[in-house]
Amino acid sequence: MRQNLLILAGTPEALALARAAQGAGLSGVVSFAGRVERLPEHPLERRVGGFGGASGLAAYLGAAGITHVIDATHPFAAQMSANAAAACRATRTPLLALTRAPWQEAPGDRWTRVADVAGAVAALRRAPARVMLAVGRTRLVEFAANPQHFYLLRFVDPARAPQPFPDYEVVVDRGPFTEAADRALMQARGVGLVVSKNSGGAGAYAKIAAARALGLPVIMIDRPPRPARAEVHDAAAALDWAAHAGADLGV
Ligand code: NAP
């Protein structure tokens with residue numbers, strides 16, 4: 001059997017896996033949702049845009065001759081992960097998740113953990129503050145319920161439309177970020193509170209370390225539930241899985 005991987009991307013881990021797969025002589029396709037204007041370089045074939053739900057993905061797997069799916073999406077991309085699990089189950093395609101561990105509270109941190117974005121919105125029902133809001137562009141509108149705050153936002157691409165707040169600033173920057181630069185940014189904008197998803201990984205951790213150094217409280221949003229599936233934490237383990245998984249399914 002010749003492996004033909006589908007790598008569900010949108011993370012640095014997916015790119016590292018694509019490079020490792022090419023290095024190992026495997027073929028495959030890296031799939032992006034298409035949310036950002038400039039897609040990162042990687043050595044495998046690429047496709048961009050949604051599949052059309054779980055059934056669309058199932059059809060794609062057959063049409064493209066995919067033998068293995070590796071879900072290397074962001075821990076908050078719950079819909080894509082659910083679709084991948086359903087499509088792989090329906091088509092009997094082996095599925096693996098390449099994940100990163102969540103951040104853990106460390107001495108000096110002042111976290112309030114909330115279960116989801118709605119919990120973060122509720123936690124911001126308070127007196128006006130200067131808030132660094134790191135929840136992803138698509139979730140900002142939910143925070144419009146708290147217009148009393150100043151919001152510092154950081155986007156990969158420039159904002160094409162106004163944001164849903166009376167008082168905000170957009171900084172355009174693509175990580176990875178450093179603690180020193182994030183500390184300087186927070187100090188320059190007078191940030192008093194940080195709201196963040198518990199994304200895990202090194203690239204986005206700078207703001208958490210900076211908040212700790214400045215003694216700032218953080219509202220930390222827990223990860224959404226993901227489907228049960230085999231899981232590894234590094235590219236080498238994922239390739240090892242791809243070399244062996246599926247034999248029992250006859251793929
Ligand atoms: P999501 O809510 O789980 O997915 C919504 C829909 O977008 C999916 O149903 C699928 O459309 C499409 N989609 C998502 N990821 C895709 C992929 N890798 N390839 C093709 N289609 C994809 O996802 P999201 O939270 O909007 O995130 C979108 C992408 O950005 C993900 O790839 C994720 O890895 C990346 N990302 C997300 C976050 C975050 O905080 N959520 C942060 C950094 C990067 P169809 O149903 O039509 O197939």
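Me: What should be kept in mind about the numbering and the values?
Reply: Residues are numbered from 1 along each chain as its sequence is written. In this predicted model local features need pLDDT of at least 70 and side-chain atom pairs count only at pLDDT 80 or more, while totals for chains, interfaces and linings use all residues, and side-chain values use heavy atoms, with hydrogens and water left out.

Me: Why is α2 called oblique to α3?
Reply: Helix α2 (residues 53-64) packs against helix α3 (residues 78-91) at about 50 degrees, with the axes 8 Å apart. Angles under 35 degrees count as roughly parallel, over 145 as roughly antiparallel, 65 to 115 as roughly perpendicular and the rest as oblique, and α2 is therefore oblique to α3.

Me: Which residues of α2 and α3 make the contact?
Reply: With contact meaning heavy atoms within 4.5 Å, α2 contributes Gly53, Ala54, Leu57, Ala58 and Leu61, and α3 contributes Met80, Asn83, Ala84, Ala86, Ala87, Cys88 and Thr91.

Me: How do you know that the bond joining Gly175 and Pro176 is cis?
Reply: Its omega is about 0 degrees, and Pro176 is found in the loop between β9 (168-172) and α5 (179-188).

Technical notes: Axes fitted to C-alpha atoms, helices over the stretch in contact; angles between N-to-C directions. Helix = DSSP H or I, 4+ residues; strand = E, 2+ residues; numbered from the N terminus.
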